[in-house]
Amino acid sequence: MNLLDIRNLSIELIHDDQRILAVDKVSLSMKEGEVRGVVGESGSGKSLLAQALVGVLDDKWHVHADRFHWRGVDLLRLSIDERKALLSRDVAMIFQEPMACLDPTTSIGEQLTEAIDSSQLTGYFWQRKKQRQSAAIKLLHKVGIKNHQACLTSYPHQLTEALCQRVMIAIALARRPILLIADEPTAAMENTNEGQIFRLLASLNQLKNMSILLISHDLETITHWTNTITVMYSGQFVEAGTTAQIFGKPLHPYTRALVDSSPSANLHLPAKSRLKTLPGSIPILQHLPIGCRLGPRCPRAQQACVKAPTVTNFHGHKVSCHFPLTPLKSTPKKTRKGTS
Amino acid sequence: MSDLLEVKDLCKSYRHKSYWFNRKETSVLAPISFSVEANQTLAVIGETGSGKSTLAKLLVGAEPASGGCVYLNGQALKSTSYKQRCQHIRMIFQDSGTTLNPSLTILQLLDEPLKLNTSLDEIKRKELIRTTLQKVGLLGDHMNFYPHMFSGGQKQRISLARAIILQPQVIILDEALASLDPSLRSQMINLLLDLQHQMGLAYILISHNLGIIRHFSDNIIVLSQGEVVESGKTRDVMNNPQHKVTKKLLMNQSFQLKPKRK
């Protein structure tokens, strides 16, 4: 059974009597213990998708879905309160600027103990405070902060960015979530810190069997850490498959361009040669092209592209394109493991 | 061929304002020396607080150096000669959205360095702005627009236009590619490489992304706590790192090149 199964999720914004489809029929499914990456450039709706999952979007956004199942429970049939209770128990989220997300006026210790659910504590009310404190220390140890006393008493501005992100992860772990949504957890971070955070997330995934939805704008930073990847462009679903499929044998012209444009993926490329790119820039929400939104930039666009393509499943490798790079009729070759 | 930009024993330290006799100094940048030739790119890498951005500020003249000298074409640049410096050494910043004044049109933005540094009349200035905008892949008519009308990638192109409009010899890119989306970033790299080819520019590239550095730069210096710990040809340093700081930096990114093995 899938942990999360979303079919045709659309998010609409009504602005001056105009309907803007910010996310257009995106499907996403996750298995238990899976690390799934969601890749898309700015404006691709990947953060909106995550926010819709947790249910923190405000009233001006309208979310529709054909199917929205969480561990077999149809969330669309539950009332808002029931849905909130279920999701807040099982899903946690961390955000991209940890320093900005933590409260600057309260100490880390207070923020951390606040997140600990009182149902986890046993004993009488006079023992509670001590238990909370020790639970907070345990959480800090879990995320690899050894000097817990100094950390608990300090304020967010006194810690480095990587430490703040660890604290955010500790707060997210307080309710023992089954799914952790990480919305660009390492944006604007140094390489060494980035590695630390990803290694921590990977170890949590392995030890606690926690599923992780890793959202990033850069394909190359997350490929090492994910099992499967979903690629989005400008609010539309582009391609989904295992990391090796996406990276080694992309079917969609957009994914191909992403892989080609990353210099670290193409080591054979001579230095200072031109990189392959798509022309043009990302369309803004007010002026989205009809049909396939990549259309004006796509090198393979033809007349049929003014209609939005349907998703074709190709041995678990889903692609949404009229003219995918490998013709679908031929039988796909087995993807080699660990190809670059 | 002689070096275009040569830096000798450049250093920077900040003085704490405490007691008169008990002055303390923190050294941010130990005396460092390097040189850049025309048509070449020098990459600077290092961890946070290693003095990368301080180096950029010193070179461009935003902060006075505590010691050492910068030679451009064999001629020493004094810390007071702003005019000479801003004609020849230009800088592009990380966040293109906040470096452009939102209340000025692109014409006014690009006009400012021309007014201050050249003696061209208005018609010639306008013509120069038009050709510069075309050079960075925008339209000449874009000059009547305000910065908010452009997307992030286009704003970065405008900053590039502002940098090259005075025909400089050195451009400093302080994390200028980090905030761009991947497809726009490769467009920008292509553009920078083309301009380097056409105008013989030298770049000093400060970046985290080792993939870009490997692709883009000829020489590299590795900074750690204000000191140069390793320098040389990019290819040699990347393939055979010697110092442990370099090894650590490389290790953290080299595994990102291949997908996870099952």
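In which sense do strand β3 (residues 41-46) and strand β9 (residues 219-224) of chain B pair, and over how many bridges? The two strands pair in the parallel sense over five bridges, a pairing being counted where DSSP finds at least two bridges between two strands. This is a predicted model, in which local features need pLDDT of at least 70 and side-chain atom pairs count only at pLDDT 80 or more, while totals for chains, interfaces and linings use all residues. Residues are numbered from 1 along each chain as its sequence is written, and chains are lettered from A and ligands numbered from 1 in the order in which they are written.

**View 1. Chain A as a whole.** The secondary structure of chain A comes to eleven helices and 13 strands, where helices (H or I, at least four residues) and strands (E, at least two) are DSSP runs numbered from the N terminus. With a radius of gyration of 21 Å, close to the 20 Å that the globule rule gives for 340 residues, chain A is therefore as compact as a globular protein of that length; the radius is taken over C-alpha atoms, and the rule is 2.2 Å times the number of residues to the power 0.38. Of the 340 residues of chain A, 40% count as buried, that is, they have 20 or more other C-beta atoms within 10 Å of their own, with 12 or fewer for exposed residues and partly exposed in between, C-beta atoms being placed from the backbone.

**View 2. Strand β5 of chain A and its partners.** Strand β1 (residues 4-15) of chain A pairs with β5(A) in the antiparallel sense over four bridges, and A:Ile6 stands opposite A:Phe68. Strand β6 (residues 73-74) of chain A also pairs with β5(A) in the antiparallel sense, over two bridges, and there A:Asp74 is the bridge partner of A:His69. Two residues lie between the strands in the hairpin of β5(A) and β6(A), where A:Arg71 takes a positive phi near 50 degrees.

**View 3. Two helices of chain A.** The axes of helix α7 (residues 161-173) and helix α8 (residues 191-208) of chain A come within 10 Å and cross at roughly 15 degrees, the axes being lines fitted to C-alpha atoms, for helices over the stretch in contact, and the angles running from 0 to 180 degrees between N-to-C directions. The two helices are therefore roughly parallel to each other, a description that applies to angles under 35 degrees. Residues of α7(A), including A:Gln165 and A:Ile169, meet residues of α8(A), among them A:Ile197 and A:Leu200.

**View 4. The six-stranded sheet of chain B.** An open sheet of six strands has the order β6-β7-β8-β3-β9-β10 (chain B), with mixed pairing. Because β6 (89-92) and β10 (227-233) of chain B stand at the edges, each with a single partner strand, one side of each is left without a neighbour in the sheet. Neighbouring strands of this sheet are turned by 20 degrees against each other on average, direction ignored. In the pairing of β3(B) with β9(B), B:Val44 stands opposite B:Ile221.

Terms used
Angles under 35 degrees count as roughly parallel, over 145 as roughly antiparallel, 65 to 115 as roughly perpendicular and the rest as oblique. Two residues are in contact if their C-beta atoms, placed from the backbone, lie within 7 Å.
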